[in-house]
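Here is a short briefing on one protein model.

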Amino acid sequence: MRIIKTAGLLLGVIAALVAAYLSISYAHLSPSVRAKERLLASALRKAGYQPRYWLISGYRPPWLNRLMPLSAKKSSHQQGLAIDIWVGDINRDGKWTDADVQIVARLLDKLDQTNPASQGGLGLYHKSAPRMVHFDVSGKHRHWDY
C-alpha cells in the first residue's frame, strides 16, 4: 500500500511539473511564432488535412536548453522564437507515419516562401524523434534532419 501511495505522489509531482513547463513554454512564445503556428493549422485545413499535432516545446530558459541533448547553444527556443510539435495522423489514414511529418514539412516550407517575415528553420528528427518537427521564425531559412 505504501508503494502505491508513493508512486501516486510521484506521478502527481511529474504531472504538475509537465503542466508547469508547458504553461511557461507557451506563455513566453513570441507573437510571430504563434502566428506561424496558426498559419500552419490554416494551411493544413485548406489542403484538406487535420491539424493533429501537439506543442511539446516552445520557449526554453537557457538552463533548460543546456539540458536538451540535440539543442543548439544559441537555440531560437531561448528567445521564444521556436516551436517543436509532435505530429499525429495529419492525412487521416488511421496511421501515424512519415507521410504525416512530410505533409507538415512541405507546408512549412511553402509558408516560408510565401511569408518572408516568418521564415526560419525547419528541423526533422527521423533518427531520434521521428514524429517531431521543429520550426522557428529566426529569419534564416534552413533545414536539418537528425
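**Largest pocket**

The largest pocket holds about 410 Å³ of space. A pocket here is an open set of points on a 1 Å grid over the protein atoms alone, where a 1.4 Å probe fits, with protein on both sides within 12 Å along at least five of seven lines. The volume is the space filled by probe spheres set on the points, which are joined across faces, edges and corners.

The model is predicted: local features need pLDDT of at least 70, side-chain atom pairs count only at pLDDT 80 or more, and totals for chains, interfaces and linings use all residues. Residues are numbered from 1 along each chain as its sequence is written, and side-chain values use heavy atoms, with hydrogens and water left out.

- The lining has 22 residues, and Leu 70, Ser 71, Ala 72, Tyr 125 and His 134 are the closest to the pocket centre; lining residues have an atom within 4 Å of a point.
- Two or more lining residues come from each of β1 (53-57), β4 (132-136) and β5 (142-145). Strands (E, at least two residues) and helices (H or I, at least four) are DSSP runs, numbered from the N terminus.
- β4 gives the largest share, 3 residues.
- By class, the lining has 9 nonpolar, 7 polar and 6 charged residues. Ala, Val, Leu, Ile, Met, Phe, Trp, Tyr, Cys and Pro count as nonpolar, Asp, Glu, Lys and Arg as charged, and the others, Gly among them, as polar.

**Salt bridges**

- The structure holds 5 salt bridges (a side-chain nitrogen of Lys or Arg within 4 Å of a carboxyl oxygen of Asp or Glu).
- Arg 52 and Asp 89 meet in one, at 4.0 Å, N to O. Arg 52 is in the loop between α2 (31-46) and β1, Asp 89 in the loop between β2 and α4, 37 residues apart.
- Asp 89 is buried at 8% relative accessible area, while Arg 52 is partly exposed at 34%. Buried means under 20%, exposed over 50%, partly exposed in between (1.4 Å probe, protein chains only).
- Asp 84 pairs with Arg 60, with the closest N and O atoms 3.1 Å apart. Asp 84 lies in strand β2 and Arg 60 in the loop between β1 and α3, so the bridge ties together parts 24 residues apart in sequence.
- Asp 84 and Arg 60 are both buried.

**Single residues**

- Arg 92 has a positive phi of about 55° although it is not a glycine. Arg 92 sits in the loop between β2 (82-87) and α4 (98-114).
- Leu 64 is found in helix α3 (residues 62-67).
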